[in-house]
Amino acid sequence: MTTVRRAVLTLPAAPLGPDNPLPALRAPAGAGAHAVDARTLAELPRDMVRGIGRAPLRSLLPAPVRDGYGRERTPADLDTIVIENDRLRVTVLPGLGGRVHSLHHKPTGRELLYRNPVLQPAAFALNGAWFSGGIEWNIGATGHTTLSCSPLHAATVRAPDGGPMLRLWEWERLRDLPFQVDLWLPEGSDFLYVGVRIRNPHERTVPAYWWSNIAVPEERRVLVPADAAWHHGYERGLNRVPVPVTEEGADLSYPLNGAHAADFFYDLPEEQRRWIAALDADGSGLVQTSTDPLRGRKLFLWGTERGGRRWQEWLTEPGTPGYAEIQAGLARTQLEHLELAGGAEFSWLEAYGPLAADPAAALGDDWAAARAEVEGHLAAALPRTAVDAAYTAWREGAADAEPETVLAAGSGWGALEVLRGGHALPGTPFPESTLGPDQEPWRELLRTGVLPPPAKGAGPGAPLVAAPWRDMLETAPADPSTEYHLGIAQWHAGDRAQAVRSWERGLQRAEVRWPLLYCLAVADREEGHPERAAERFAEAFADHADRDAGEAVAAALGREGVAALLATGRAGPARELWARLPAEVRGRGAFRLLEIRILLAEGRPGEARAVFDEGFEVADLREGAEILGEVWAELTDELLPHAYEFRMRPS
């Protein structure tokens, strides 16, 4: 009998800490790592170019940046949900994006995934905190979802075969879309079935994005039914290359043969069954397959150069094995988005399970024979027709089934949207009981037409930016708090001039000025006025510091202010602002790096070098960041120490 039960997993974990209290007005900091240069775009197929150019994020609104974590890990108890039959045991983390932490095959005693022995957040998600390992569900936009470290709603539902099924669901806020992930184990099955649905409850067409990312040990061969792939590296190219051998002659179906971090988006023929596998030296490992709508398949490898190896250490514990990612998505590449029409949905079924092939064939030099070997074993274990039939049974008989036993709660944002829009979403209820303090002011706006101001002396609450909320803000009484939120919604809509006017009006009557000053400073910087931006960042910090209104705001404003002042050549004011920060904040790695930059601007390279020699860690260093190498190069021609080597591009 298949069972679904709660359990607890204890791991060394770094706490997530508080979210950044400043509104995320800018595009994701790591967006450049996934960009494509103009020369490359001119050479790509037209439909691919359209997908790449479809609705890029101008900001992260309304999601918050999650950068409050550190690097100090202590044992922590994580809530899990375990799905189990006589063949597989699946461990899910509902409080961390619904991540599948483990896929354990009981007859062989094998773990089919890369299972991270620690929980260490790092700045890889669109909005910051993310962690490696397992199977993650990525919705929203290019990159790891903003829900990577957020709770999802979870409940048991009847599976198509009548057994228990785990449903995960949430409201994705970047694209304003509800989605669900249903996981079940048919009795006696070696395969985990996963039904996924993304719905568009709006009248307008919405850009849609999905990739299921599967971490596997990197000592594997990755096999996929393709003879070519689109190669994307951190140098911003997108080039079609042969599979499995690259132009340099390395067989990159073995991730450890790659020198540099890279993505390979496989070019699967239209009629080809969709699958990807990662097999060890014995020919055994994991296979993933799906119905046809989940079109894309990808390999991500870290590479063997110093930067890639350092990132592997950074995401887990030194001395532990590394990993690669095999992935499956709606589009050919992760740089593309699809169009989801109003009232429509995307839905499909995935299956994950063990595969054992003849190693002589699967690992041999004959690529066609290796693929045929894997596909033959997959067809015997799980025919393509069985996957299609399982999808039909799920979509017609279980996808709309109402949850039975609630196992975990997500956010209240979906409940607020259902309350506002009256959306009917069978199978994924967003009850009013899930509304919390973040949603309460907005429910009051919906009910009365007035947005309640924050408590006296407090900062603003969480923003909302969708067009219906913007319309309500435009007709609400124009107090400073409402002008602040209206400006954010206008900024998100691309009306930057009107956003600035709203913030300036709010500032005229505001008691707490730093939120509005911060927004105006960002606008100044984005519009090419760095000196005025630096002055406003500093003024915002001073307004907050005079109120002593919280360390999280002080750290966020201080980091912005110091960087802005240094960018305009004002080392003295930057030093003064840095000195006003709490001592604990100045001791963090990001602020030690700012200290180095201040010392360099003051002409004190010896003291700057001493900070490097003493050692520090920037906990929220972004994927693809090169700042440590750039600052080191200002000090010396020596090789960048391994501890600071995070550069991903070829030299």
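Me: What should I know before I start, and how are residues numbered?
Reply: Residues are counted from 1 along each chain as its sequence is written, and side-chain values use heavy atoms, with hydrogens and water left out. Since this is a predicted model, local features need pLDDT of at least 70 and side-chain atom pairs count only at pLDDT 80 or more, while totals for chains, interfaces and linings use all residues.

Me: Let's begin with strands. In which order do the nine strands of the open sheet come?
Reply: First, the terms: strands (E, at least two residues) and helices (H or I, at least four residues) are DSSP runs numbered from the N terminus, and two strands pair if DSSP finds at least two bridges between them. Here the order is 15-19-20-24-12-11-10-9-25, with antiparallel pairing.

Me: Which strands are the edge strands?
Reply: Strand 15 (221-223) and strand 25 (405-408), each of which pairs on one side only. Strand 15 is joined to strand 19 (residues 274-279) by three bridges in the antiparallel sense, and V222 stands opposite A278 of strand 19.

Me: Which helix lies across strand 24?
Reply: Helix 6 (residues 384-397) does, running at about 135° to strand 24 (345-356). Angles like this run from 0 to 180 degrees between N-to-C directions, and axes are lines fitted to C-alpha atoms, for helices over the stretch in contact. Helix 6 also lies across other strands, including strand 10 (164-172) and strand 20 (284-290).

Me: How do helix 12 and helix 13 pack?
Reply: The general idea is that two packed helices are described by the angle between their axes and the distance between the axes. For helix 12 (residues 514-526) and helix 13 (residues 530-547), the angle is about 165° and the axes are 8 Å apart. The two helices are therefore roughly antiparallel (angles under 35 degrees count as roughly parallel, over 145 as roughly antiparallel, 65 to 115 as roughly perpendicular and the rest as oblique).

Me: Which residues meet there?
Reply: Among them are W514, L517 and Y518 in helix 12, and R532, A533 and R536 in helix 13. Contact means heavy atoms within 4.5 Å. The residues of this contact divide into nine nonpolar, one polar and six charged (Ala, Val, Leu, Ile, Met, Phe, Trp, Tyr, Cys and Pro count as nonpolar, Asp, Glu, Lys and Arg as charged, and the others, Gly among them, as polar).

Me: At what angle do helix 7 and helix 8 cross?
Reply: Helix 7 (residues 413-421) and helix 8 (residues 440-448) cross at roughly 5°, and their axes come within 10 Å. That makes helix 7 roughly parallel to helix 8. W413, L416, L419 and R420 of helix 7 make the contact with W442, R443 and L446 of helix 8.

Me: How many aromatic pairs are there?
Reply: A pair of aromatic rings is described by the distance of the centres and the angle of the planes. A search of the whole structure finds 24. Rings of Phe, Tyr and Trp (its six-membered ring) pair if their centres lie within 6.5 Å; planes under 30 degrees apart count as stacked, over 60 as edge-to-face and the rest as tilted. W137 and Y352 are edge-to-face, 6.4 Å centre to centre with 80° between the planes. W137 lies in strand 8 (residues 135-139) and Y352 in strand 24, so this pair ties together parts 215 residues apart in sequence.

Me: Where are the cis peptide bonds of P62 and P244?
Reply: Most peptide bonds are trans. The bond from L61 to P62 is cis, with omega near 5°, and P62 lies in the loop between helix 2 (46-52) and strand 2 (74-84). Another cis bond joins V243 and P244, with omega about 10°; P244 is in the loop between strand 17 (238-242) and strand 18 (262-266).
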